[in-house]
Amino acid sequence: MPVDSNSSSATAAHVGHHGATGHDILFPPLPYDIHRRADSATADPQLQTFVNKATLSKDQIRKKTFLEIFGQPSYDAMRELAGSIKQHALDHLDHYLEQFVANAAAAGTQVHFAADAEQANAICLEIARRHQCRLCVKSKSMVTEETLLVPALQGIGCETIETDLGEFIVQLDHDAPSHIVTPMIHKDRTAVARAFQRELRARYTENPAELTMIARQYLREKYRRADLGISGGNFLVAESGSVVICTNEGNGRFCTSAPKVHVAFVGIEKLIPRLDDLSIFLKMLARSATGQPLTVYTHVMTGPKRDADIDGPREMHIILIDNGRTEVLREETREMLRCIRCGACLNACPVYRKIGGHAYGAVYSGPIGAILTPMFKGLGNFKDLPNASSLCGACYEACPVKINIPHFLIKLRSEIVGGRMNNLSDRLLMRTWALMLRNVLTYRLGGWTQKIAFRAIARLRGAAAKQGDPYAERGWIDMLPGPVRGWTRQRDMPTPPARSFRHWWDQTHKDR
Amino acid sequence: MDEHANPIRPGHMSDNTYPGEDRETFMQRVRTALGRGHTQSPPQTPVPAVDDHLIRTARRDADPVDLFTRRAEEVGMSVRLVTSTDLAGRLAVLLDELKIKTAVIAAAKIPIGKVNAALAEANVQVLDVSGADGFDCSFDVDAGITDAQAAIAESGTLVCCADSLHGRGASLVPPIHIAIVRRGDIVSDLLDLWDRFDSTAMPSSIALITGPSKTADIEGELVKGVHGPGTVVVLVVTDE
């Protein structure tokens with residue numbers, strides 16, 4: 001039963017089973033209908049304020065940073081270059097995977113292959129069992145959300161704590177992350193204060209600095225005692241067999257350095273060919289996400305600790321994950337895998353800004369989620385997502401690797417129609433529309449009827465013309481009836497003129 | 001990268017008693033998606049070159065100390081310029097200023113004698129990280145004093161690598177990180193960093209550190225020192 005993150009029942013007592021409710025949010029029943037959550041999100045004033053502020057400011061700072069430092073033509077050229085390097089890596093993923101595996105193994109890393117979520121978890125659970133792990137600290141990883149790793153580990157008695165502050169809070173509050181990069185933009189300080197008081201027995205405070213210090217203290221003790229550290233991976237470097245993770249908090253370095261065993265969960269699409277390529281990807285990643293030149297910490301890991309090293313994990317494992325990626329790897333959709341998970345498209349998207357992340361009903365939300373989720377989970381299960389877009393193209397402009405998201409949205413829409421996955425009334429409406437437009441007489445009749453109807457409505461309901469208004473003579477319609485009422489809820493439309501354009505043209509240009 | 005310098009070697013995989021798919025089945029699925037039956041090695045088309053001119057933000061000949069100082073301060077680190085002769089003295093003053101009583105060290109490039117002299121002068125107790133649980137020691141000290149294998153001027157970044165004299169914990173765990181950087185180790189741009197590493201002989205850990213630890217997860221309000229150090233002070237040795 002999906003739990004709306006905004007309802008107080010989301011914090012109902014699920015004692016000792018962190019994340020149970022939270023994961024329901026990202027795994028609703030299928031096929032998924034977006035409307036309920038989207039409606040409740042747009043009606044929630046707090047969510048609207050928070051998501052709006054967070055995304056708008058990040059989108060603006062992204063643009064400002066790139067324009068100030070590089071200028072628009074260079075920004076575009078960088079996006080083109082970054083996109084082409086990722087595309088090349090994907091086009092030759094067989095070669096780079098093999099190169100990566102060999103180099104990682106040469107550095108002492110144990111490399112595993114997981115066809116799907118179940119296998120990925122099974123490998124990790126086996127590693128945990130062999131080392132009798134009781135406590136695991138984890139840094140942010142979308143892939144582990146895909147596989148539902150945390151409940152699986154908890155299930156074998158290994159307490160698993162999210163250490164990214166936003167993820168930690170979300171886990172504590174039995175909630176789910178709502179944004180790829182900043183997981184709790186939908187949450188306010190009061191919710192955090194209550195969660196800490198309830199779950200950590202902390203004194204009540206709503207001050208963000210104090211709350212952060214409470215989390216820091218709690219998590220430091222966990223780092224000290226943890227026997228297993230789990231991370232994701234922002235990039236895999238084929239040339240050296242390295243895993244690269246980028247954080248601002250430092251939790252990534254703790255999770256990969258303190259415990260004796262480190263396991264990295266990484267999707268195969270994260271591969272890049274060379275260390276040199278990190279220059280462009282690192283420069284673009286943080287700037288696209290938050291406008292920073294680099295994230296505070298970039299950690300390049302190549303193998304477990306060497307014998308002579310002072311500290312570091314004794315064992316390092318990498319689980320290379322497919323879980324639907326090889327399907328997307330096919331030529332027609334391959335470009336989608338360029339994604340470096342910067343979140344820029346989420347911050348640019350006017351739809352995401354209104355409905356927030358949970359409304360997408362999946363691990364990957366926003367514009368990239370709208371195309372990846374149907375690919376991973378079945379188009380029939382998520383046909384609402386490609387339709388939840390006005391095709392404005394803001395996502396494409398924001399994407400540092402130039403994924404043509406609008407192109408894929410349209411492609412998926414046409415597959416929905418071609419596969420007759422849209423509902424009957426949609427199909428009938430479109431069929432009728434097409435018939436009417438194809439025939440000159442029905443087209444003209446339709447146009448004439450529409451004009452008469454609007455002008456009648458204007459006479460009955462027309463709003464007074466405004467001063468200096470270009471449509472002053474004709475006036476405005478502020479309320480359309482019936483099923484089209486929604487159009488005029490937030491906008492007025494000008495009354496159509498007495499003559500259609502074609503009619504006016506014929507009359508004024510008859511001498512030509 | 002010359003392919004022959006790094007031949008693909010099979011057989012160094014995880015022991016196959018772990019669950020998961022065998023490598024060949026996994027790779028076959030990848031190849032099928034790419035429309036071929038055998039791995040194309042090397043790739044038929046070359047990887048696009050990283051256009052130095054396009055993405056470089058700091059010229060190779062830029063004054064490294066000046067640029068590094070500005071950028072490091074912009075990201076919230078505090079920078080002091082010292083010379084090799086006054087390093088020990090200035091470090092002692094800093095330790096005193098920050099009221100540091102206990103520390104861990106990770107230093108090799110700066111003669112350890114100078115650091116030890118400063119620590120003695122400021123009466124700081126140093127914990128030995130070379131024991132069995134070197135990482136754990138860092139939790140109980142006031143500061144970590146490290147040198148940096150490199151630094152990047154354009155972004156104000158410290159580059160700290162793990163090896164037999166440098167633990168990962170010193171620059172991460174204590175609430176204060178004091179880093180000592182030599183002018184000669186400051187490169188202009190991130191592009192210039194990778195030449196310093198051999199892809200076949202990488203350290204187990206390279207940490208690029210650009211400022212104190214921070215988060216703005218709670219209502220977008222910036223808080224420093226979440227997990228990593230909240231205070232980072234860099235001493236730049238200008239005559240080395």
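The buried residues of helix 4 of chain A are A:Tyr75, A:Met78, A:Arg79, A:Leu81, A:Ala82, A:Gly83, A:Ile85, A:Lys86, A:Gln87, A:His88, A:Ala89 and A:Leu90, where buried means under 20% relative accessible area, exposed over 50% and partly exposed in between, with a 1.4 Å probe and protein chains only. The model is a predicted one, in which local features need pLDDT of at least 70 and side-chain atom pairs count only at pLDDT 80 or more, while totals for chains, interfaces and linings use all residues. Residues are numbered from 1 along each chain as its sequence is written, chains are lettered from A and ligands numbered from 1 in the order in which they are written, and side-chain values use heavy atoms, with hydrogens and water left out.

Helix 4 of chain A spans residues 72–91; helices (H or I, at least four residues) and strands (E, at least two) are DSSP runs, numbered from the N terminus. Its 20 residues reach 28 Å from the first C-alpha to the last, close to the 28 Å expected at 1.5 Å a residue, the expected span being 1.5 Å times one less than the number of residues. The buried residues of this helix pack against helix 3 (45–69), helix 5 (93–106), strand 8 (271–272), helix 13 (277–290) and helix 19 (394–398) of chain A, and also against helix 2 (52–55) of chain B. Contact here means heavy atoms within 4.5 Å.

Over all chains the structure holds 17 aromatic pairs; rings of Phe, Tyr and Trp (its six-membered ring) pair if their centres lie within 6.5 Å, and planes under 30 degrees apart count as stacked, over 60 as edge-to-face and the rest as tilted. The pair of A:Phe66 and A:Tyr75 is stacked, because the ring centres are 4.0 Å apart and the planes stand at 5°. Both A:Phe66 and A:Tyr75 are buried. A tilted pair is formed by A:Phe113 and B:Phe26, with 5.1 Å from centre to centre and 55° between the planes. This pair crosses between chains, from A:Phe113 in strand 1 (residues 110–114) of chain A to B:Phe26 in helix 1 (residues 23–33) of chain B. A:Phe113 counts as buried at 4% relative accessibility, and B:Phe26 is buried with a relative accessible area of 1%. Elsewhere, ring pairs link A:Tyr223, A:Phe254, B:Phe135 and B:Phe139 into a cluster.

Charges also sit over rings, which requires NZ of Lys or CZ of Arg within 6 Å of the ring centre and within 35 degrees of the ring normal. A:Arg79 lies over the face of A:Tyr75, 5.9 Å from the ring centre. The charged end of A:Arg130 is placed over the ring of B:Tyr18, at 3.9 Å from its centre.

The largest nonpolar core has 136 residues, of which A:Phe100, A:Phe265 and A:Leu320 touch the most other members; such a core is a set of buried Ala, Val, Leu, Ile, Met, Phe, Trp, Tyr and Cys residues joined through side-chain atoms within 4.5 Å. Leaving out residues up to four places away in sequence, the contacts of A:Leu320 include A:Phe100, A:Phe113, A:Val266 and B:Phe26. Apart from this core lies another, of 27 residues, among them A:Val192, A:Leu200, A:Ala202 and B:Ile218.

An open sheet of eight strands has the order 8(A)-5(A)-6(A)-9(A)-9(B)-6(B)-5(B)-8(B), with mixed pairing; two strands pair if DSSP finds at least two bridges between them. Strand 8 of chain A and strand 8 (186–187) of chain B stand at the edges, each with a single partner strand, so one side of each is left without a neighbour in the sheet. Strand 9 (residues 297–301) of chain A is mostly covered, with five of its five residues buried. In a regular strand the side chains alternate between the two faces of the sheet. In strand 9 of chain A, A:Tyr297, A:His299 and A:Met301 point one way and A:Thr298 and A:Val300 the other way. Strand 9 of chain A is joined to strand 6 (residues 242–247) of chain A by five bridges, the two running antiparallel, and A:Thr247 stands opposite A:Tyr297. Strand 9 of chain A also pairs with strand 9 (residues 205–209) of chain B in the antiparallel sense over five bridges, and here A:Tyr297 stands opposite B:Ile209.
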